[in-house]
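Biologist: I am new to this structure. Could we go through some of its features together?

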Amino acid sequence: MAAPPRASTAGPTILGFLDRIEEASLAGWAVDPGDMSRPLSLRVMIDGQIADVITCDLDRPDLHQLHLPNTRVGFHFAIPYLYQDGLRHVLSLATMDGQKVTLPARAGFALPELHFCLTRRVHVEGVLDGLVDGVVQGWALRVDERAGLKSGGLRILVSTGGQPLAELLADQFRADVAEALGADPCCGFAWTPPASLHANGAKTFDFHVMPDRIPLRGSPVELRMPGTSERARINALIEKADDLLRYAYGLRRDLRAVLPAETFCLARYREWAAQSQPLVPARIAARYGAREDSPLVSVICPVYRPEQGAFIAAVDSVLAQTYGNWELILVDDGSDDARLTALLRRLAGDCERIRVETLPANRGIAAATNRAIELARGAFIAFFDHDDLLDPCALDAMMRAQAATGARLLYSDEDKIDRRGQVSEPNFKPDFNYRLLLDLNYICHLVVVDAALAREAGRLDPSLDGAQDHDLLLRMVERLGGHEIHHVPEILYHWRITERSTAAAGAAKPAAADAGARAVAAHLRRRGIAGKTARRGALTCYRTSFVIDDDPGVSILIPYRDHIAMTQQCVAAIREVTADVSCETLLLDNWSQEADAERFAVEQGNLADTRVLRIPEPFNYSRINNLGVAAARHPFLLFMNNDVFVRDPLWLRTMLNEALADPGVGAVGAKLLYPNGMVQHAGVVLGVGGVADHGFRGLPGDQPGYIAHAIASREVAAVTAACMLVRREAFEAAGGFDEADLTVAFNDVDLCMKIRAAGYRIIYAADVVCEHRESLSRGDDFDDSKVARFMFENEAMLARWGRELAVDPFYSPHFSREGGAYRDLRVIDPATVERVAPQPPERFPRAVARAAGTVPGRKRRRGAGSA
């Protein structure tokens with residue numbers, strides 16, 4: 001009898017044969033001659049990614065003549081629907097340790113790789129959204145009604161006048177489309193018209209789905225871009241503005257906006273990631289330095305019926321770590337899956353650093369994680385999900401950061417990854433932000449903690465499965481100072497997008513969101529703070545509000561000059577709406593000249609709890625408010641513009657409660673909307689546009705913004721004084737507003753920075769929403785008569801706070817400072833990475849430490865006004 005066919009000797013010795021290759025499947029048999037006692041498992045690789053794991057255990061009685069120990073050696077693999085997209089793909093087989101396998105076939109060839117191109121009977125849906133920030137955006141889906149699938153990844157041809165310009169892949173993450181249509185979220189695209197097309201007049205662009213050239217709804221689109229002469233004139237103006245008005249960034253930004261720049265916006269994150277330098281040990285060392293010791297890190301991973309390809313890729317990412325001293329603990333949470341059991345045994349047998357335990361029944365992720373913590377032998381624990389991926393330098397970066405800072409809890413940035421290995425949705429996080437953690441588990445992945453801390457915090461609560469990590473984080477934070485929590489601003493973790501995961505869409509696991517609200521409520525009870533926590537719609541984000549009965553009193557200070565009707569409406573709304581707070585109103589009349597100004601002042605001065613202070617001096621916002629503070633009676637000060645209007649009866653109570661809940665809070669800012677409902681202010685970001693800029697300006701008021709930052713209350717570097725509550729003792733510790741150098745612009749940013757330097761925190765209260773008709777009292781900052789003043793104040797801020805303005809702890813260094821906040825990305829030069837030093841203990845939320853008994857009291861540096 002002829003010897004059975006063999007695979008190529010170039011790879012491992014595998015006996016087998018590929019019997020059948022059909023349109024969307026292949027079948028055959030294979031066995032490892034070195035171990036015929038158990039079925040052979042093979043990785044199926046498509047386009048270099050693990051698509052699945054097949055086990056050769058189908059009965060093949062036709063092979064009895066080969067005298068194999070048993071005939072259960074067959075396999076059948078159906079090519080997943082994901083890859084039946086009309087594109088060419090490459091399929092190959094590999095052993096479980098990653099070595100390629102070649103199988104002979106009936107057609108007389110061997111299969112090292114199978115190239116295939118499969119199409120479906122489908123129709124296309126899609127929309128061209130239009131031009132946003134110089135980028136044309138849209139989405140497209142291939143709809144298979146028979147299979148009930150709506151998938152992305154389509155090719156989009158861009159053309160003008162019949163001439164092709166670009167071909168796009170509609171695979172960017174669009175959670176809005178996924179939630180609205182129940183579709184694949186990876187279906188969006190974005191295109192920036194190249195500079196070569198910036199000719200005079202308008203141009204029409206067509207967007208077609210290929211290969212059938214199906215036009216998208218909204219196509220063609222007509223765009224008008226500046227021509228050559230216009231570009232030359234605008235660039236000349238920009239150059240002149242740079243030379244003559246060195247710090248007039250607002251003017252420069254407006255001119256730049258006319259010229260679409262070739263930048264990496266968030267929609268182009270994948271391109272940014274591809275062009276950014278990969279994280280390497282040298283870059284980590286530049287930031288954190290060397291680590292003399294290498295403590296054992298226990299990577300703990302609860303496992304429950306994972307997709308085997310994704311699970312193997314996850315394990316591979318741990319095996320690939322550049323940090324050498326780790327162990328991987330895999331706890332099978334009663335999966336009752338023979339294939340998984342065999343795979344876990346093989347993994348443990350192949351690597352002594354992999355330890356496996358199987359629970360007798362499915363008990364949930366909290367119970368499995370608790371068992372993994374019990375088994376951990378390392379000084380530090382890293383939490384890891386069974387289908388996610390670690391960057392090769394992840395543990396190295398975290399452990400170097402731990403050595404440099406002494407932190408006991410560390411977390412990194414993360415993004416999402418799909419089955420094709422494509423990344424999207426970067427989560428560039430702020431440094432430790434306790435207030436944000438109450439509204440949102442922004443920390444999420446990757447988390448590395450001191451093992452003793454994890455055990456001290458107590459076992460994970462199975463009743464909170466789905467939010468057990470949020471609950472554990474809150475319990476650990478209760479035991480730490482802010483200087484013991486460190487954020488590593490690198491993408492070290494790739495969160496796998498699957499149909500069942502919360503990575504696919506915010507509403508994928510409503511039970512998890514409900515559990516998260518309960519976890520936050522339990523944390524507030526442990527701290528002894530009365531509060532309420534509720535979900536924000538379908539998002540895994542909460543509204544945490546404090547319920548405090550104290551009423552120390554608030555003095556509301558409103559400067560005005562003329563605009564009497566507007567000021568009267570502002571004051572009337574406060575008087576008619578405000579509830580549950582004792583307050584006085586101080587109207588600061590800065591030389592009003594209108595005919596009815598005197599009548600208004602007399603009328604208001606005769607009302608209870610209202611006083612009018614006449615300040616007949618040239619406009620100086622800082623001095624006007626300082627004089628108002630000197631006359632104010634209450635321990636809290638509410639600075640307010642006369643063009644801000646309130647509607648919510650609890651607007652002031654909510655701001656006051658934010659301060660009363662934590663004596664470490666020095667100032668609280670509101671969310672301000674333009675009359676058209678768009679955001680005017682949702683916190684201030686330092687360094688954007690030169691000195692500072694408002695976050696999310698122009699965003700619809702009900703939209704969450706980047707990682708829900710527009711709707712979640714959080715600590716920020718500064719807020720606008722158009723509506724800002726300040727603790728009087730914090731105001732005095734900061735030295736008040738700067739009357740000498742900052743008479744109009746940036747005085748509120750300067751005050752907030754001085755308040756923070758005095759040891760207090762600044763809170764953006766997202767649920768205090770007011771309307772702001774910006775700058776009606778003093779007009780445009782950038783008319784000719786005010787440019788010189790703006791230049792001086794801009795320079796004063798840079799001279800005083802240059803270093804601090806360059807590094808906003810609540811805004812990622814991966815965002816550009818040149819354009820709008822939370823929009824463009826920048827590639828960081830490793831040569832410019834600044835060495836991280838340990839954080840001083842006083843810079844953290846004292847109320848949390850006091851509740852845990854770790855900080856006896858507050859110490860502040862006073863007299864920081866001149867900084």
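Modeller: Let us begin with a definition: buried means under 20% relative accessible area, exposed over 50%, and partly exposed in between (1.4 Å probe, protein chains only). This is a predicted model, in which local features need pLDDT of at least 70, side-chain atom pairs count only at pLDDT 80 or more, and totals for chains, interfaces and linings use all residues. Residues are numbered from 1 along each chain as its sequence is written, and side-chain values use heavy atoms, leaving out hydrogens and water.

Biologist: Why does R305 count as partly exposed?

Modeller: R305 counts as partly exposed because its relative accessibility is 42%. R305 lies in the loop between strand 23 (297-303) and helix 6 (308-319); helices (H or I, at least four residues) and strands (E, at least two) are DSSP runs, numbered from the N terminus.

Biologist: Which backbone oxygen does the side chain of R305 reach?

Modeller: That of S335, at 2.9 Å. The side chain of S335 also joins that of D332 in a polar contact of 2.6 Å (a pair of N or O atoms within 3.5 Å; within protein, one must be able to donate a hydrogen and the other to accept it, and residues adjacent in sequence count only if both atoms are side-chain atoms).

Biologist: And where is D332 placed?

Modeller: D332 is in strand 24 (residues 326-332).

Biologist: Changing topic, how many residues of helix 12 are buried?

Modeller: Nine of the ten residues of helix 12 (residues 468-477) are buried, so the helix is largely enclosed by the rest of the structure. Among the buried ones are H470, D471 and R475.

Biologist: Lastly, where is D550?

Modeller: D550 is in the loop between strand 33 (542-546) and strand 34 (554-560).
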